[in-house]
Amino acid sequence: MRIVLSLILTVALATACTPANDARYLISSAPGEKVANLRSRTIEVRLVSLPSYAAASDIVAEGEGGALLAFGGAQWADDPARGMTAALARGLNERTGASAAIEPWPLNTGPDARLDVRVDQVYAHADGIFELTGQFAVSSPEGTVREFVRRFGIRKPVNGTGPSATAEALARALAELARQVSLSM
């Protein structure tokens, strides 16, 4: 009897300590059109700076009264800052043909340009619009390209409801950001 109770207690404790099997959504960048070749052959993409609500693993959307609420049982599959940075680097690589890599720069020779993105807002509004706003700066350690800072404000429709629709809208917004950065360089 003592063995059975011990076994039941062990299973109950293991179940209580096991994290929920929340759905995880990837952060990606939707495909986009190729842009003219850049003067930069290499671009270092610094870790995207996010507001605290967006840096958490929960996927959030605007609820009633304007409050940002987490979708229950849905999380990002990767750290949001790292996931958005990787999606942006992929998008730049696909659109420009330049080698874009996440910091720290992996090669001995430094990059032609560095991209620094600072996000102000990134969430799905209650009215079905996804918003990604902030600024990006391009710097050039070797003076290869002109340096500048530019604001961006991207709004995309959320096609559907729930976390998968929000993840898809984020992918389209990141693709648009990659396009804007590419055209600016």
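Me: Which residue does Glu44 stand opposite in S5?

Reply: Glu44 stands opposite Ala101 in S5. This is a predicted model, in which local features need pLDDT of at least 70 and side-chain atom pairs count only at pLDDT 80 or more, whereas totals for chains, interfaces and linings use all residues. Residues are numbered from 1 along each chain as its sequence is written, and side-chain values use heavy atoms, with hydrogens and water left out.

Me: And in which sense do S2 and S5 pair?

Reply: S2 and S5 pair in the parallel sense, over four bridges. Two strands are said to pair if DSSP finds at least two bridges between them, and the elements themselves are DSSP runs numbered from the N terminus, with helices (H or I) of at least four residues and strands (E) of at least two.

Me: What is the bridge partner of Glu44 in S6?

Reply: Arg114 is the partner of Glu44 there. Strand S2, residues 42-45, and strand S6, residues 113-124, also pair in the parallel sense, in this case over three bridges, and Val45 stands opposite Leu115 in S6.

Me: Which way do the S2 side chains point, and are they buried or exposed?

Reply: Thr42 and Glu44 point one way from S2, Ile43 and Val45 point the other way, and all are buried. Buried here means under 20% relative accessible area, exposed means over 50%, and partly exposed lies in between, computed with a 1.4 Å probe on protein chains only.

Me: You mentioned Leu115, so what does Leu115 touch?

Reply: Leaving out residues up to four places away in sequence, Leu115 touches Ile43, Glu44, Val45 and Arg46, then Leu88 and Leu92, and also Phe136, Ala137, Val138 and Val181. A contact is counted when heavy atoms lie within 4.5 Å.

Me: Which residues touch the most other members of the largest nonpolar core?

Reply: Leu115 and Leu132 do, in a core of 44 residues. At least two residues each come from S2, S3, S4, helix H3 (80-96), S6, S7, strand S8 (148-157) and helix H4 (163-184), and H4 gives the most, with nine residues. A nonpolar core is a set of buried Ala, Val, Leu, Ile, Met, Phe, Trp, Tyr and Cys residues joined through side-chain atoms within 4.5 Å.

Me: Where is the cis peptide bond?

Reply: The cis bond joins Glu103 and Pro104, with omega at about -5°. Pro104 lies in the loop between strand S5 (99-102) and S6. In general, most peptide bonds are trans, and most residues other than glycine have a negative phi.

Me: New topic: how many cavities of 30 Å³ or more does a search of the whole structure find?

Reply: The search finds two, where a cavity is a set of points, on a 1 Å grid over the protein atoms alone, at which a 1.4 Å probe fits but cannot get out, and lining residues have an atom within 4 Å of a point. The largest cavity has a volume of about 100 Å³; a volume is the space filled by probe spheres set on the points, which are joined across faces, edges and corners.

Me: What lines the largest cavity?

Reply: There are 13 lining residues, and those closest to the centre are Ala54, Val60, Trp76, Val122 and Tyr123. Helix H2 (52-55), S3, S6 and H4 each give two or more residues to this lining, and S3 gives the most, with three.

Me: And what is the volume of the second largest cavity?

Reply: The second largest cavity has a volume of about 40 Å³, and its lining consists of Arg39, Val138, Val145, Arg146, Phe148, Ser184 and Met185.

Technical notes. 1 Å grid on protein atoms, 1.4 Å probe; cavity = no way out; pocket = protein on both sides within 12 Å on 5 of 7 lines; lining within 4 Å.
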